[in-house]
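Open the model in your viewer and keep the selection panel at hand.

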Amino acid sequence: MKHYSYDEWLSYVKDEVSGKTREELESHLYTCDQCLEHYLQAVSEHESSLPVLSNENSFTDLVMAEVSKQKEFIEKPAALRQPVKTKKPFYQQAAFHYLIAAAATLLLTFSGVFQSLATYASAVEVPQHSKEKKPTVTEGVIDKTFAWMDSLEKKEANKK
């Protein structure tokens, strides 16, 4: 593992290194405790020239102020808020759909559609006893194979 010198870390703290070198140094800090010590020494030595973060109007304070404003807006008393109720059109309500389904069922029942469907279904049904049982392809192949084997056995028996 390559270790970086104190001078290299000091250059890094002063922002005097290239982008590629900066990435190498940063990734090396995650794995090397010795170089981390050199980096911390360079930071503490160069601390006076680093920018100072002020606590006045900090980013966090500004964000928290906005959050509290939004919270006050959302938590208005119920009397001040106007209820927002949108009534669905009659054709989008469940009762309307049930009414249409019931009307269609009654219409089809009284017009005889269901009766004709029942008659058609009984005409299409074929009784089980009148069906001829056709052998499947597999059964046919097996039967022919056994017949062929039987004929071979008879020929062998005739030769003896």
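**Stop 1: a surface patch**

Select Ile142, which sits in helix α7 (residues 137-159). Helices here are DSSP runs of H or I with at least four residues, strands are runs of E with at least two, and both are numbered from the N terminus. The model is a predicted one: local features need pLDDT of at least 70, side-chain atom pairs count only at pLDDT 80 or more, and totals for chains, interfaces and linings use all residues. Residues are numbered from 1 along each chain as its sequence is written, and side-chain values use heavy atoms, with hydrogens and water left out.

Ile142 is partly exposed, because its relative accessibility is 41%. The classes are buried under 20% relative accessible area, exposed over 50%, and partly exposed in between (1.4 Å probe, protein chains only).

With Ile142 they form a nonpolar surface patch, with about 520 Å² of accessible area together. Patch members have over 30% relative accessible area and no salt bridge; like charges are joined within 9 Å, nonpolar side chains (Val, Leu, Ile, Met, Phe, Trp, Tyr) within 5 Å. A salt bridge puts a side-chain nitrogen of Lys or Arg within 4 Å of a carboxyl oxygen of Asp or Glu. Areas come from the Shrake-Rupley method with a 1.4 Å probe; for residues, only the protein chains shown count as cover.

**Stop 2: the whole chain**

Zoom out and color by secondary structure. The chain has seven helices and zero strands. Its pattern along the sequence is α-α-α-α-α-α-α. Of the 160 residues, 8% are buried.

Turn to contacts (heavy atoms within 4.5 Å). Among those with a separation of 6 or more, 55% join residues 24 or more positions apart.

**Stop 3: a buried histidine**

Select His46, in the loop between α3 (33-45) and α4 (59-74). His46 has a relative accessible area of 16%, so it counts as buried. Which residues does His46 touch, not counting those up to four places away in sequence? Show Leu10, Val13 and Lys14.

**Stop 4: two cysteines**

A disulfide needs a pair of cysteine sulfur atoms within 2.5 Å. The count by this rule is zero. Select Cys32: its nearest cysteine sulfur, that of Cys35, is 3.6 Å away, and Cys32 is in no disulfide. Cys32 is buried, because its relative accessibility is 3%. Cys35 is in no disulfide either. At 0% relative accessibility, Cys35 is buried.
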